[in-house]
Amino acid sequence: MIAWDLREWLDQLEKENELLRIKEELNLEPDIGAIGKAVCDLQGPGILAENIAGYKIKLCIGLSASFKRTAMALGLAKEANFGEIKGKWRNAFDKYPVKARIVKDAPCKENIVYGEEVNLFQYPVPRININDASFYLTKTMCITKDPDSDWVNVGMYRAMILDRNKTGFKAGYFQHAATHYFKARRRGQPLEMAISYGGAPHIPIVSGSPIPQGWNEFDFAGALRGEPEELVMAETVNLPVPATAELVLEGVLKEPAVFEGPFGEFPGSYSNTFMTPVFEVKAITFRNDLIMDHLYIGRGRTETDYMTDLPTISSMEQELKARYPEITEIAFLTPKWMNCVVQGKWTHQAQPVKVMTACLAARGAYKMVTIVDEDVDPWNADEVFWAISTRCQADKDVYILPGFPVGLDPSQSHEELTCAFGINATKPLGPYPRHRVAQYVTPRKETSYWKDRIKKSMQGGKA
Ligand SMILES: Cc1cc2nc3c(=O)[nH]c(=O)nc-3n(C[C@H](O)[C@H](O)[C@H](O)COP(=O)(O)O)c2cc1C
């Protein structure tokens, strides 16, 4: 059963030996980042740090650092295999929408601070990696509404703390929240936003995974749960937020833009500094005995991968398998999003290339796509590189596609665009060499006889 809030989730983890409580005093820096990385490397237990120097608030790190716990967060047994996890996600597409219910009283409203009282520094938010520009909220559920419709979106985007009541906001320009923000900006208006933190464990997964444009992620979360999520209206903005969230920041996204970053990111490198809108926080609501829920991100695999690889792949498989049933499996090697492998039972020679481009056009794969045959395990980098070395001629089988949107590729020369490429590492199909010898169409020898007769008739003679 999917837990309703972070506290029930921690109980579930503890019962399954998936939680380690640390009672000794820890410092936000360097301890929390160091512990987060260690948990990711080991796929070790999630951590509940009960004693953070300078704070009376507990803090979690690493709760999403294993595929097992992703299964559990989606309400499955921790032994569930990749197919079962992807299947659970696929079923939610069929059941969508399970409309969320708006309630009046909610735990997330137990404490409320407004305006001058807002102080983001009161909550323990770590600087996860050494050269991060500031403290970052990472495991965010950023809630915005389309200025033109009722579409409410929830997305996971990093928010750098700048001031007691301000954060940066780095949603890629191709993300749904950015679409909402650009519409508002064109009208010269700020965009209302709420960031919820903590709560039921499947909502961060939904927040960080591709759900089709125009869909409401809360109604998708309800489809995963099999019953409606409970939401409550925020205090100062016209947005619904999860009733059992630990903490909710309410405010507006607006200009003038601020400098944001660098921040240690999923490719294993620090991002550039970007100009982003500022998120001005007008109110904070939070639960009694608040518990913060952070994650570690950096060179993979980290929580980014364990949490959203399989849901992202499941979304992609549905989109692509409908057109190309020959696809048998999609996998992410690290760094995810930039290193995708598609395995298939190909039936004609051009299929791998069609699939490679379709895959780059889908949400989820942004840079390198390698196509392999059924006898290669797409999750095994050794096997994938064996296929590349033995089934690929670089001058014919590597396809280069400049101008793809990735903001975080350290090798790109343009800040927001990268050069995507596809590798066809499949066995040649059929009896044909890659360049066949053409057989040209030639006229029959009788044609000249008929040409003469028809010409005569055209000149008025007897044919
Ligand atoms: C841990 C984690 C952190 C993420 N951080 C960001 C981020 O800072 N900016 C961004 O554009 N996408 C980020 N993403 C990816 C988006 O959350 C993902 O693409 C999601 O589908 C976006 O939501 P949307 O489809 O509603 O736009 C992150 C994903 C995860 C799992």
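Me: What is the handedness of the crossing of α4 and α7?
Reply: This is a predicted model, in which local features need pLDDT of at least 70 and side-chain atom pairs count only at pLDDT 80 or more, while totals for chains, interfaces and linings use all residues. Residues are numbered from 1 along each chain as its sequence is written. A crossing is left-handed if the near helix is turned anticlockwise from the far one by less than a right angle, and right-handed if clockwise. By that convention the crossing of α4 and α7 is right-handed.

Me: At what angle do helix α4 and helix α7 pack?
Reply: Helices (H or I, at least four residues) and strands (E, at least two) are DSSP runs numbered from the N terminus, and here α4 covers residues 82-95 and α7 residues 217-225. Axes are lines fitted to C-alpha atoms, for helices over the stretch in contact, and angles run from 0 to 180 degrees between N-to-C directions. The axes of α4 and α7 are 8 Å apart, and the packing angle is about 115°.

Me: Which residues of α7 meet α4?
Reply: Two residues are in contact if their C-beta atoms, placed from the backbone, lie within 7 Å. From α4 come Lys 88, Ala 92 and Lys 95, and they meet, in α7, Phe 220, Ala 223 and Leu 224.

Me: How many charged residues does the contact of α4 with α7 have?
Reply: Asp, Glu, Lys and Arg count as charged; Ala, Val, Leu, Ile, Met, Phe, Trp, Tyr, Cys and Pro as nonpolar; and the others, Gly among them, as polar. The contact has 4 nonpolar and no polar residues, and the number of charged residues is 2.

Me: Which loop holds Arg 301?
Reply: The peptide bond from Gly 300 to Arg 301 is cis, with omega near 0°. Arg 301 sits in the loop between β16 and α8.

Me: Which element gives the most residues to the shell around the ligand?
Reply: A residue is near a molecule or strand if its C-beta atom, placed from the backbone, lies within 6 Å of it. There are 21 residues around the ligand, and Gly 155, Arg 158, Gly 172, His 176 and Gly 208 come nearest. β8 (152-155), α5 (176-186) and α8 (303-323) each give two or more residues to this shell. With 3 residues, the element that gives the most is α8.

Me: What is the strand order of the open sheet of 4 strands?
Reply: Two strands pair if DSSP finds at least two bridges between them. Pairing in this sheet is mixed, and β2 (residues 46-49) and β3 (residues 58-61) pair in the antiparallel sense over 3 bridges. The open sheet has the order β1-β2-β3-β16.

Me: At what angle to β3 does helix α2 run?
Reply: Helix α1 (residues 6-15) lies across β1, β2 and β16, at about 110° to β1. Helix α2 (residues 28-42) lies across β2 and β3, and its angle to β3 is about 35°.

Me: How far apart are the C-alpha centres of domain 1 and domain 2?
Reply: The chain is divided into domain 1 (83-294) and domain 2 (323-424), with bounds from an automatic or database domain assignment. The distance between the C-alpha centres is 31 Å.
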